[in-house]
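Welcome! Have a look at the structure, then try each task before reading on.

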Amino acid sequence: MLDNAPRAEAAVPDTPTPDIPTPDTPSPDAPSAHIPSPDAPSADFPASDAPAPDFPAPGAPARPVAVPLALELLVHGVAGAAPDELLGDPRTVRVTGDSTAAVFRRTEDADAEDHPERYAGRPVPEAYCWSRLTSGNGTRALWLLLLPFMVANLAHWARPAAPAGAGSPRAVRTYGLLVRILALSLTVLLIAAACEVALDLLAWQCAGVASCTGSRSWLAFLSADGGWWGQPGRRLALGALVPAALTGLLWYLSNRTWSAYESQPPPAGTGDPDALDDAAPALGRPGFWYGRRLVARLRAAHTAAGLLTVAAAVAAPVARHDRRAGAPGPAAFGWAVEALLVAGAVTVAWVVCRRGRTEARPDHRLDRAAITLLPGGALALLVAVLGYACWSRPGWHSTGRLPGDFAFGVLMLAQGCGVLALAVVARRLHRRAPDPAAALRGLGGPAVAMLGCALGGVMSGGVARSVADWLDGGATPGMADAPLPGPPVLLSWQAAVLPPLLLVLALLAAWFGVRGARERRRLAATVAAEYPGELPDTARSRQIAGARAAAALTDSAPWFVGAVSGVTLLLGAGALAGAWFSGQVPGEAARGAHPLLETAARAAQDAGSWLIGFGFLLFVAWGRRAYRDPAARRTIGILWDVGTFWPRAAHPFAPPCYAERAVPDLTWRMTGWTGRTGGRLVISGHSQGSVLAAAAVWQLPPRARRRVGLLTYGSPLGRLYGRWFPAYFGPGPLTALHGEVDCWRNLWRATDPIGGPVRVAAAPGTAFGGAGEVDRGPLADPVAYGRSARHPLPAPILGHSAYQADPAFAAERDRLLVRLAAAARADVPHQREGSPGAAGHAAGHAAGHAAGHAAGHAAGHPRPGVSGPPPPVPEGPPGTAG
């Protein structure tokens, strides 16, 4: 969350020197600097009917230089913030936008463009609030169902960077293809789990046993003597409505969010024309944030896959019965249905594999045939299968369980092989373009994909196991004394490996905890020395060192995720082998073995079943609370803020990408405002807002980008995004961004667990002689070690918050505005073409007036909560100042 502390207003001297000296106060009768009106054409955005520049006559005194209006655009981070908190004023007004995402200003600044003389030497603050993109109404609670899909979509973007050499495009396409196939398998897995519950456990097993329907009156009409619905085929047709409705719900959610997010076109002319080259940063390509065509095509394919899964679950037992019964007509129809199902599956796979993302330019086309005929044909086939299942078959009784073991086993095996193939491709890409900072040496994407598959397995198995436990009463599903056969044995084996997995997680957490404690002791010995003149305080040193050590644990997260993914893969392989070779649940398979082994197997099975049941109830309770409680939705929204930044390139049912709305919003705002006013703009982003800010700057046209400075603080650009998504935020893309932006500064603290340095070196080729180093930090945190006359109360450890309260924030923002002001003077026609002496006189006159006005304004009108002008930037202790 963007820190809400009010910001001190500092004078902005109109001089391009790197330091900010205190300017001399101008005389009272000095003329004010002229700032063009909002409708006036600018140098970079000329109007066709604009009058010619009014050059001064030879020998005439120089006139003041036109100093453009300056704007500070604040972008908050995760969890959001209200406009009044961001702007430090309870009186705010929406400048542009809607109830979902909008730009706000203080009421007194609403007409700043009409009165630029009020803002000489200081920027106009405004805030872009986007939190409702991820935490809107109660339907956001349904997004919890989409968690495995979101993780699988992240795996697409976590691929290693690829060199621009021969063979790399093929490896990149193969990587994307494998992730899309894994994402498709997750859709099939979720719908198959719904079929397991509705068709196998309820319509087939429970409805076929008198004791089960007798204790549940609402299922009595499905019993063997319940009338027309008593035949197994008709029960299956009725139960198929549940997974079919789930598929329809997923389609509805995806289509609704597609209209609101992916269909937001970027401004005309955004993106650098040079970005069409494959070597250019991908986030600068015009079509990167416009995935309308791809999501529509994938949505049609996944919807068809879900409907075909339901049709196959109904058709398989019905066709098998007809072939055994020897009925030629129904048997032939069954063969035809199965052939059509295979053809539909091949078509779905072809649509998914045929085409990936188009980023070089916005693709406004839609594959009408695919998005209409594919789900429509699958729905028609499902209706035909349901009619086929409802055909009268006297004497047919349901026994045992439906053939789900083979289907779930094939899905699990395919996912494991897909993850291994993905790891091979990722390692190949990483070897061609090594990046020491990349997570798991290039294997971050496969590790994330493995976690997505594991989440899908746990959620699907958890639902089936929970329903089976409820139907069996006090018995254990799958055991000899259970009244029902229960779910496929593979799901029981998956539940049995949960206790060992949790034990591994506990051991890893303990190991990282020990490492953190050792690091804390090491840092505590040197903390007091970083604050000269302070008396050592053991408790205070431990507190500061503990905050730094805890923040440093973020850097170990990739290895934690890698260890969990590797153990999950091994345990999953063991569960699959145990289920296929034994054909029984773990407790039955170990019966008669060594007592210790038998006890351990039964304990793992029971504990896993209990854990899955508890997790399922917790999941439902959390979703119910999120539906009713906006605060709980905001908590879930924090998870989506991090996980749904990326477009839906692999899974169309993942939660929508809010950046496909936020990035065009910011790009439109910056492009339109700089073009309309000719002013200079600093976009200031905290936490996740810094990622949005950088992505928006990448999308700016070159002429607008020259007017924009970037200030990031508490930013995960290098620490998280650069490691996990090296192809898009690695050293190469961030260095390119530094070369394309006139000014960029990044503030960070050693106590911040999220933000960190971007580690981009000085770019000598940037505008105006090079912007220098990007990073400033680590900032001193806390600002004071103990009590003093200046800090009579203990200074808090701020960590990830309150960056704007640090004097370094105002200082760096002002330096950015100084550099942009220098660029503004360079764009004034009569300054560029006039005599050097006149230009220098005018520049100095305007600079002195603007700086003096800003100093007076800062001293006389401080922001709320700030007394007087901001204090000078302190010289932090050694190793704490940038």
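Helices (H or I, at least four residues) and strands (E, at least two) are DSSP runs, numbered from the N terminus. Residues are numbered from 1 along each chain as its sequence is written, and side-chain values use heavy atoms, leaving out hydrogens and water. This is a predicted model, so local features need pLDDT of at least 70, side-chain atom pairs count only at pLDDT 80 or more, and totals for chains, interfaces and linings use all residues.

**Exercise 1.** Find the helix that holds Arg813, and decide whether Arg813 is buried or exposed.

Solution. Start with the helix: Arg813 lies in H25 (residues 807-826). Next, recall the cut-offs: buried means under 20% relative accessible area, exposed over 50%, and partly exposed in between (1.4 Å probe, protein chains only). Arg813 has 0% relative accessibility, so it counts as buried.

**Exercise 2.** Which side chains make a polar contact with the side chain of Arg813?

Solution. A polar contact is a pair of N or O atoms within 3.5 Å; within protein, one must be able to donate a hydrogen and the other to accept it, and residues adjacent in sequence count only if both atoms are side-chain atoms. One partner is the side chain of Glu72, at 3.2 Å. Another is the side chain of Asp814, at 3.4 Å.

**Exercise 3.** How many residues of helix H20 are buried?

Solution. Helix H20 covers residues 688-698. Its buried residues include Gln688, Val691 and Trp698. The count is 11 of the 11, so H20 is largely enclosed by the rest of the structure.
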